[in-house]
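Please find below a short note on the model, arranged as numbered points.

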Amino acid sequence: MGVSCGSHLRETCHRASDRCSRLFPCLSDPARRSVLSLKVALVMLHLVFAGVLFLFDHDLIEKTKKEPWYTAIYVSLFVATLVQYFVTSGTSPGYVLDAQKAVDERDALARRLLLASKQPASSQNGSVLITVDGRNHHRGNATAWTKLVMDLYPPGASIRNLTCPYCNVIQPPRAKHCHDCDKCVLQFDHHCVWLGTCIGQGNHCRFWWYICEETALCLWTSILYISYLKSNISKAWWVDIIMILLLAALSISLIFLLLLLLFHSYLVMTNQTTYELVRRRRIVYLRGIPERVYPFNQGVCRNLYLFCFARSGMYRMEPLPTAEELEEKSKPYTCGDVLSCRCC
Ligand SMILES: [Zn+2]
Ligand SMILES: [Zn+2]
């Protein structure tokens, strides 16, 4: 009887999961399922930390009644952080294949326009023109990307060494293949498990804002927890224990978030990526460059401008600096440089 009951339960579970997969096709993929569960867990975590506070802190509820704007600002930050999280995780990090497609389409459009402008003027040899252009059309698209990318490297670079064996696409400088996403990413920073996506050129700015908002929310929540624990109202011992445990978890998260925010701010100001900083010796184009020289650094102001205005729809590819530029960047700072704000 026990065996038949167990098999019946298994069958019911199986049928329920089948129905779930049919209703939500995205749930049939284990990778998507884990990303979705992570997102649900994150929302739940935020709700628990804020909910416990509003459940036990009667002072805070009283304050909300007297000064609703205070709680309104806190709730706005709470919602903004969650929205920022979902927007960041849903934004493309800038896939190389998408950039190649955009370049191909732009090139094909330019060729079509050129063809249309030439056709009526050269009616005599129009058929030849169309045949030649038509035959070269596909190859022309392939070379447009190749030419664009190869121009970013010093002369003599080998196409074979720069081609990703998984995506079969020529990688521009700073791009890297992500094995979790199975795609090459422009200006690859890292694959974020927390967001379930890569951080690259297209979403690094949003990622920075997400960490900033999460840090602010964490700090504010910690302050609310501390003020609750410091208040003199009588409360049950188990409530105190819950609050202390949650505050300890918040403090650890706050330290981690602050360090992450500082680290990414430093990367932004020097135009580096986490991957370039951590794997500097293993990256071909960074080999032989002195440690303190950042090859893509264009000064703090320009770096910040490029970082803030880089969108996933507009692909930006940086050429490798020439030997002269590197020599210029490796010069030690003098008093004159400090006065003239060379770093900016
Ligand atoms: Zn790849
Ligand atoms: Zn990835």
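This is a predicted model: local features need pLDDT of at least 70, side-chain atom pairs count only at pLDDT 80 or more; totals for chains, interfaces and linings use all residues.

1. Setting aside residues up to four places away in sequence, Val96 touches Cys167, Val169, Gln171, Ala175, Cys184, Val185 and Leu186.

2. Val96 belongs to the largest nonpolar core, which has 22 residues. The members that touch the most other members are Val96, Ala175, Cys184, Val185, Leu186 and Phe188.

3. Which helices and strands each supply at least two residues of this core? They are the helices α5 (96–118), α6 (126–150) and α8 (204–230), together with the strands β2 (183–185) and β4 (197–199). Helix α8 gives the most, with four residues.

4. The core also draws on two domains: at least three of its residues come from domain 1 (24–94 + 191–339), and at least three from domain 2 (96–189).

5. Another core, of seven residues, lies apart from the largest one. Among its members are Phe49, Cys218, Tyr228 and Leu250.

6. According to UniProt, in an unreviewed entry, the feature "transmembrane region" falls at residues 36–56, 68–87, 207–229 and 241–263. In the model, residues 36–56 are 100% helix and 0% strand, with end C-alpha atoms 30 Å apart. Residues 207–229 are likewise 100% helix and 0% strand, and their end C-alpha atoms lie 33 Å apart.

7. Helix α9 covers residues 237–270, 34 residues in total. From its first C-alpha to its last, α9 reaches 50 Å, close to the 50 Å expected at 1.5 Å a residue. After α9 comes Asn271, which has a positive phi, near 50°.

Note on methods. Residues are numbered from 1 along each chain as its sequence is written. Chains are lettered from A and ligands numbered from 1 in the order in which they are written. A nonpolar core is a set of buried Ala, Val, Leu, Ile, Met, Phe, Trp, Tyr and Cys residues joined through C-beta atoms within 7 Å. A residue is buried if 20 or more other C-beta atoms lie within 10 Å of its own, exposed if 12 or fewer, and partly exposed in between; C-beta atoms are placed from the backbone. Domain bounds come from an automatic or database domain assignment. Two residues are in contact if their C-beta atoms, placed from the backbone, lie within 7 Å. The expected span of a helix is 1.5 Å times one less than its number of residues. UniProt positions are given in the numbering used here, feature names are shortened, and annotations may be inferred rather than shown by experiment.
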